[in-house]
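Welcome! Open the viewer, switch to a cartoon view, and let's walk through this structure together, one selection at a time.

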Amino acid sequence: MELKAQALFPSVVWGTVIDDHVALNKELLALAYALRAKDARGVSRTNVAGWQSNNILQELPEFAQINQRILQACERIAESQHFMPGLTFDHQAWVNISPPGASNQVHFHANCYFSGVYYISLDAPKCGSLFFRDPRTASRMMPYPATKQTSFTATEIKMPPEPGRLYIFPGWLEHGVEINQSASDRVSISFNVTARAKI
Ligand SMILES: [Fe+2]
């Protein structure tokens, strides 16, 4: 008997490392701390003990390079997902500075097609990982008694961070960030991306 497995409704996380991230991150790190110096309070969302900027990076010319990379990556993903041609992609992005002890509660991003994170500076693996939770909520009623954690059997999956790494995922996919247990700040940029028909 031949049994054929087919994944229905898979949840995909896309990842890449930006080519010239060393020079880019040096610049972004200085910009991130300069933003915090201008607005020490920042905003409070899912960040626990960490600093988060307003959603303003898309309007700041000094962040043009990373803004462009984010949009380029999302446009390629959208193409792979058969989005209709001719759409304009927009994003909102913000800086996260998570000192030792900081984390992010589990959440998802409504009203966007893609969300993601780009890592500027961190001390892995102690800085903590981004983790995703199985979005198939009904599957939590009867998890398989599996001996191996795979993307089919795990209820949570960690994605390791590294400077220069970009992760992009559907906005509806629940995620959080572990506690930073290193001695350094974990500095990243997060974003949400939408698309609209050109006018
Ligand atoms: Fe998030």
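The model is predicted: local features need pLDDT of at least 70, side-chain atom pairs count only at pLDDT 80 or more, and totals for chains, interfaces and linings use all residues. Residues are numbered from 1 along each chain as its sequence is written.

**Stop 1: the whole chain**

Select the protein chain and colour by secondary structure. You will find two helices and eleven strands (DSSP runs numbered from the N terminus, with H or I over at least four residues for helices and E over at least two for strands). From the N terminus, the order of elements is β-α-β-β-α-β-β-β-β-β-β-β-β. The C-alpha trace spans about 65 × 45 × 30 Å along its principal axes. Of the contacts with a separation of 6 or more, 87% are between residues 24 or more positions apart.

**Stop 2: the sheet**

Now pick out six strands, which form an open sheet in the order β1-β9-β6-β11-β4-β3 with antiparallel pairing; strands pair if DSSP finds at least two bridges between them. Which strands stand at the edges? They are β1 (14-17) and β3 (51-52), and each has a single partner strand, so one side of each is left without a neighbour in the sheet.

Select β1 together with β9 (residues 165-170): four bridges join these antiparallel strands. Look for Val-17, which stands opposite Arg-165 in β9.

**Stop 3: the helices**

Angles run from 0 to 180 degrees between N-to-C directions, with axes fitted as lines to C-alpha atoms, for helices over the stretch in contact.

Next, select helix α2 (residues 64-80), lying across β1, β4, β6, β9 and β11 and running at about 125 degrees to β4.

**Stop 4: Phe-132**

Finally, zoom in on Phe-132 in strand β7 (residues 130-133). Is Phe-132 buried or exposed? Phe-132 counts as buried because it has 22 C-beta neighbours inside 10 Å; the cut-offs are 20 or more other C-beta atoms within 10 Å for buried, 12 or fewer for exposed, and partly exposed in between, with C-beta atoms placed from the backbone. Leaving aside residues up to four places away in sequence, Phe-132 touches Val-13, Glu-156, Ile-157, Leu-173, Glu-174 and His-175.

Definitions and conventions:
Contact = placed C-beta atoms within 7 Å.
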